[in-house]
Amino acid sequence: MTGAGGLWILLHLLYLSVEDIRERQVSLFVIAELGGTGMIYALIVGYVPQPLPGILILLLGRFSNEQIGYGDGWLLLALGMWLPLKTLLWILFLGIGLGTLYALVFRVRELPLVPFLAAAYAAGGWL
């Protein structure tokens, strides 16, 4: 997504990235704001939201004892209000791939996912 909507998403992702790095959790208020504005956007432009990736990550978090946090699932659910399925899957898989690469190189077992989702979103604008 480009323009003001793309900047709105990017700013939210950057804020949540800093929060995820510092506190290992993300603000559900900020995620709800992103999702709520996305619902308004979807209604105005006639876009059909894409909740499936977010729902799947929430279920994965539930069944993996939160190896993937609920915040990540809620964030993907909010992003699904703004972005098409192909873009959501791009962000999710590239973000997980970048995080995995980082973990392998720096031998880290646990890391926040949101910064890698933000990097994937930003990269999607240029690739």
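1. Rings of Phe, Tyr and Trp (its six-membered ring) pair if their centres lie within 6.5 Å; planes under 30 degrees apart are stacked, over 60 edge-to-face, and the rest tilted. By this rule there are four aromatic pairs. One of them is Tyr41 with Tyr47: the ring centres are 6.5 Å apart and the planes meet at 45°, so this pair is tilted.

2. This is a predicted model: local features need pLDDT of at least 70, side-chain atom pairs need 80 or more, and totals for chains, interfaces and linings use all residues. Residue numbers run from 1 along each chain as its sequence is written, and side-chain values use heavy atoms, without hydrogens and water.

3. Tyr102 and Phe106 form another tilted pair, at 4.7 Å centre to centre and 40° between the planes. Both residues lie in helix α5 (residues 85-106), four residues apart, about one turn of the helix. Helices here are DSSP runs of H or I, at least four residues, numbered from the N terminus. Tyr102 is partly exposed at 37%; Phe106 is exposed at 52%.

4. Leu52, Ile55, Leu56, Leu59 and Phe63 make a nonpolar surface patch of about 520 Å². Patch residues have over 30% relative accessible area and no salt bridge; nonpolar side chains (Val, Leu, Ile, Met, Phe, Trp, Tyr) are joined within 5 Å, like charges within 9 Å. A salt bridge is a side-chain nitrogen of Lys or Arg within 4 Å of a carboxyl oxygen of Asp or Glu. Phe63 lies in helix α3 (residues 52-63) and is exposed at 70% relative accessibility.

Terms used. Accessible areas come from the Shrake-Rupley method with a 1.4 Å probe; for residues, only the protein chains shown count as cover. Helices (H or I, at least four residues) and strands (E, at least two) are DSSP runs, numbered from the N terminus. Buried means under 20% relative accessible area, exposed over 50%, partly exposed in between (1.4 Å probe, protein chains only).
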